[in-house]
Amino acid sequence: MARSRVVVASRPLLGAPLVLGLLVIVTLTVGWLAFDAGLKRAGYNRAAAAATQRAAARRIAELETANEQLSERIAVLETASTVDREAYRQVESQLIELQDKILAQQEDIEFYRGIVGPDDGSRLRIQDFVVRPARRAGDFELQLVLAQALRSRGEVEGAIDLEVDGQLDGAPTRLELAQLRADQAGGELSYSFRYFQDLKVRVRLPAGFTPERVHVLVRPAGKAAKTVEDFFVWRVESG
């Protein structure tokens, strides 16, 4: 007696790729919504950050265009400087002025690039430090610019310790800010900002003291925050 054979044919699951694709799309959508909600809870305003970044990018473009124009002007003036001696003196003065403007604008470009650049994880940094003469003879204005990357989340706050190293009557001496402040407001500076902050303090050096360098220590609030430290040569800039 012959046995009957039953053949079971397997059919490909035509809907499997479609279902898998839908699952991937749903998973990515849910992940993005969770990520965006986390940014909002952390205080990150995407629209405000984007607007600030666009403004900084426009400023960079304007400064670079102005630098190109000044460079072209310098080329013209260098050619004109061969006319005569008096004209040369005038041209030389204008060249110095234009070169100073280019240098200042280059510093501005680097400043804005530092703000719109990617967050490298360090967040807080000392962007610039300048010493200038104050209006009162013998006084000086210390300008400190703190910044963090545009993509950093939330505000940073804390305190700044500042000391000046030098020679007092020939002996190495370190003076704290409390000993130097002309306004006698104390020896600590505080800060609180989202993207950058420009801090200024007026100091008065004691008689017989020759400053050499400035020690800056930025202490962010919070146990997990990293302290930022740097040293700057005491060099007085005009203006």
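## Confidence and conventions

pLDDT is the predictor's confidence in each residue, on a scale from 0 to 100. The structure is a predicted model, in which local features need pLDDT of at least 70 and side-chain atom pairs count only at pLDDT 80 or more, while totals for chains, interfaces and linings use all residues. Residues are numbered from 1 along each chain as its sequence is written, and side-chain values use heavy atoms, with hydrogens and water left out.

The protein chain has a mean pLDDT of 77, and 67% of its residues reach 70 or more.

## Secondary structure and contacts

The protein chain contains four helices and eight strands. These are DSSP runs numbered from the N terminus: helices are H or I with at least four residues, strands E with at least two. Along the sequence the pattern is α-α-α-β-β-β-β-α-β-β-β-β.

Of contacts between residues at least 6 apart in sequence, 66% join residues at least 24 apart.

## The open sheet

An open sheet is formed by three strands in the order β1-β2-β6, with antiparallel pairing; two strands pair if DSSP finds at least two bridges between them. Its edge strands, β1 (125-133) and β6 (196-204), each pair on one side only. From one strand to the next the twist averages 15°, where axes are lines fitted to C-alpha atoms and angles run from 0 to 180 degrees between N-to-C directions.

Strand β2 (residues 139-147) runs antiparallel to β1 and is joined to β1 by eight bridges. Val 130 has Gln 143 in β2 as its bridge partner.

## Nonpolar cores

Of the 239 residues in the protein chain, 32% count as buried; buried means under 20% relative accessible area, exposed over 50%, and partly exposed in between (1.4 Å probe, protein chains only). A nonpolar core is a set of buried Ala, Val, Leu, Ile, Met, Phe, Trp, Tyr and Cys residues joined through side-chain atoms within 4.5 Å.

The largest nonpolar core has 29 residues, and those with the most contacts inside it include Phe 129, Leu 146 and Trp 234. At least two residues of this core come from each of β1, β2, β3, α4 (177-180), β5 (188-193), β6, β7 (209-220) and β8 (228-233). A second, separate core has seven residues, among them Leu 77 and Val 91.

## Glu 163

Glu 163 lies in strand β3 (residues 156-168) and is buried, at 17% relative accessible area. Its side chain makes a polar contact with that of Arg 174 at 3.1 Å. A polar contact is a pair of N or O atoms within 3.5 Å; within protein, one must be able to donate a hydrogen and the other to accept it, and residues adjacent in sequence count only if both atoms are side-chain atoms.

Beyond its neighbours within four places in sequence, Glu 163 is in contact with Arg 174, Leu 175, Glu 176, Arg 213, Val 214 and His 215.

Conventions: Contact means heavy atoms within 4.5 Å.
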